[in-house]
Amino acid sequence: MSKRKLSRQQRWRVEKVQAERAQRAEKRDVQDAEKLAAGEYGAEQPGRVMAHFGRTLEVRNADGMPVRCHLRANLDGLVTGDRVIWRAGQDGSGVVVAREERDSVLKRPDSRGLLKPVAANIDQLLIVFAAEPAPHPNLIDRYLVAAEATDIAPVLVLNKTDLLPEGGGELGTLLERYHALGYPVIRTTTASDAGLDALRQQLEGRTSVFVGQSGVGKSSLIDLLLPDETLRIGALSEDSRKGTHTTTTARLYAMRSDEVTNGELIDSPGIREFGLIHLDEQDVTDGFIEFRPFIGHCRFRDCRHRNEPGCALLNAVETGKIHQQRFASYRRILDSLEA
Ligand SMILES: Nc1nc2c(ncn2[C@@H]2O[C@H](COP(=O)(O)OP(=O)(O)OP(=O)(O)O)[C@@H](O)[C@H]2O)c(=O)[nH]1
Ligand SMILES: [Zn+2]
């Protein structure tokens with residue numbers, strides 16, 4: 001659609017609509033400024049963005065209740081998970097006046113390939129995989145590299161343990177390796193009640209995002225963690241009921257139960273595809289955390305760790321300090337960048 005050439009008249013119409021929209025926002029902003037000055041808005045208070053629909057946001061107040069807010073024109077690009085300062089209006093809605101510094105931000109390429117933030121202040125990425133569908137050999141490494149590049153802590157979740165052979169089988173062995181590298185590893189199954197305790201502990205007090213390939217059980221896990229979410233999904237703003245939002249924007253869900261008293265999930269179909277983002281060679285090298293002590297110790301400064309003499313990485317593989325499958329995976333990911 002965007003690629004189609006617009007006629008001059010269509011272009012003129014688009015520009016007109018955009019100008020009108022900007023004018024309305026500006027007008028509202030002036031009105032806001034007047035109302036703020038006139039004391040028509042309450043005191044500043046902290047909140048967190050639960051969802052956003054264009055310039056309308058759903059902000060959670062300190063009591064955990066959703067408040068529909070609009071944005072001041074000077075505040076663009078707020079995303080789900082952002083911590084904000086807002087003020088209550090007299091009609092039950094509010095205005096967001098500031099955004100707090102972000103601890104972390106998750107980005108995704110938009111339709112033009114530009115990286116855009118989609119969620120903020122995420123503490124951990126739960127990388128879900130399962131015996132079925134079995135992970136492609138270096139899929140876990142790819143996810144870990146992507147997670148390391150965002151600075152959000154990855155946690156490996158092996159779901160469908162009910163399908164594993166006694167002792168854990170190949171996947172069990174694979175997981176031991178990641179555990180030894182220092183990554184938290186959690187085993188779950190949605191097939192029994194007992195499977196989720198460790199996961200709930202890991203979610204407590206944090207904001208988490210589930211990622212992983214299709215069919216590994218993300219929806220099933222989330223359904224168990226948020227049993228009455230279907231009720232809450234209806235409690236959106238008027239705007240969203242008019243159908244102006246798409247469900248593809250990320251949404252923040254609070255977990256408040258006996259098991260998880262204070263945990264948050266951010267979810268959307270788009271966010272679950274995380275991990276397929278573009279990475280460069282530096283990201284990939286940095287993303288293999290056990291390589292770090294050896295980086296910079298190769299004989300040649302520009303060593304590409306292929307077959308150069310005196311390569312510290314190759315030596316580490318030789319002496320068993322780096323697992324050869326991880327190194328092979330590293331090579332494969334680099335090769336896929338070049339392809
Ligand atoms: N045996 C077994 N099956 C499971 C488990 N968890 C989920 N499943 C099944 O696996 C299938 C896929 O689960 P989903 O929850 O839809 O997987 P998903 O990761 O959300 O998939 P997408 O929505 O495509 O990203 C469903 O048929 C689930 O019932 C589990 O612990 N054990
Ligand atoms: Zn080297």
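Colleague: What makes β1 and strand β2 (residues 56–60) count as paired strands?

Modeller: In this predicted model, β1 and β2 share five bridges and pair in the antiparallel sense. Pairing needs at least two bridges, so five is enough. One place to look is His52, which stands opposite Leu57 in β2.

Colleague: How many residues lie between β1 and β2 in their hairpin?

Modeller: Two residues lie between them. One to look at is Gly54, in the turn, with a positive phi of about 60 degrees.

Colleague: Which other strand pairs with β1, and in which sense?

Modeller: Strand β4 (residues 83–88) pairs with β1 (residues 44–53). The sense is antiparallel, and the bridges number five. There, Arg48 stands opposite Arg83 in β4.

Colleague: Now the sheet of six strands. What is the order of its strands?

Modeller: The order is β10-β9-β8-β11-β13-β12. The sheet is open, and its pairing is mixed.

Colleague: Why are β10 (185–187) and β12 (251–255) said to stand at the edges?

Modeller: Each has a single partner strand, so one side of each is left without a neighbour in the sheet. From one strand to the next, the twist averages 30 degrees.

Colleague: How do you know that strand β8 (residues 124–130) pairs with strand β11 (residues 207–211)?

Modeller: Count the bridges. Four join β8 to β11, and two would do, so the strands pair. They run parallel. Ile127 has Val211 in β11 as its bridge partner.

Colleague: Where does α3 pack, and what is its direction relative to β9 (153–159)?

Modeller: α3 packs on the sheet and touches β9 and β10. Its direction makes about 165 degrees with that of β9.

Colleague: Why are α2 and α11 called roughly perpendicular?

Modeller: They pack at an angle of about 70 degrees. The range for that word is 65 to 115 degrees, and α2 and α11 are therefore roughly perpendicular to each other. Their axes are 10 Å apart.

Colleague: Which residues meet in that contact of α2 with α11?

Modeller: From α2 come Asp141, Arg142 and Val145. From α11 come Arg326, Ser329 and Ile333. The contact divides into two nonpolar, one polar and three charged residues. Arg326 is one of the charged ones, because Arg counts as charged.

Colleague: Which domains does the chain have?

Modeller: The assignment gives domain 1 (21–99), domain 2 (105–272) and domain 3 (281–338).

Colleague: How do you know that domain 2 and domain 3 touch, with 29 Å between their centres?

Modeller: The centres, taken over C-alpha atoms, are 29 Å apart. Contact is judged residue by residue, with C-beta atoms within 7 Å. By that test, 10 residues of domain 2 are in contact with 11 residues of domain 3. On the domain 2 side, α2 gives the most, with six residues. That side divides into five nonpolar, one polar and four charged residues.

Colleague: Last, ligand 1. What makes up the shell around it?

Modeller: 16 residues surround ligand 1. The closest are Ser214, Gly217, Lys218, Ser219 and Ser220. The shell has three nonpolar, nine polar and four charged residues. Helix α5 (residues 218–225) supplies the largest share, three residues.

Definitions and conventions:
Residues numbered from 1 in each chain as written. Chains lettered and ligands numbered in written order. Predicted model: local features only at pLDDT ≥ 70, side-chain atom pairs only at ≥ 80, totals over all residues. Near = placed C-beta within 6 Å. Domains from an automatic or database assignment. Contact = placed C-beta atoms within 7 Å. Axes fitted to C-alpha atoms, helices over the stretch in contact; angles between N-to-C directions. Parallel < 35°, antiparallel > 145°, perpendicular 65-115°, else oblique.
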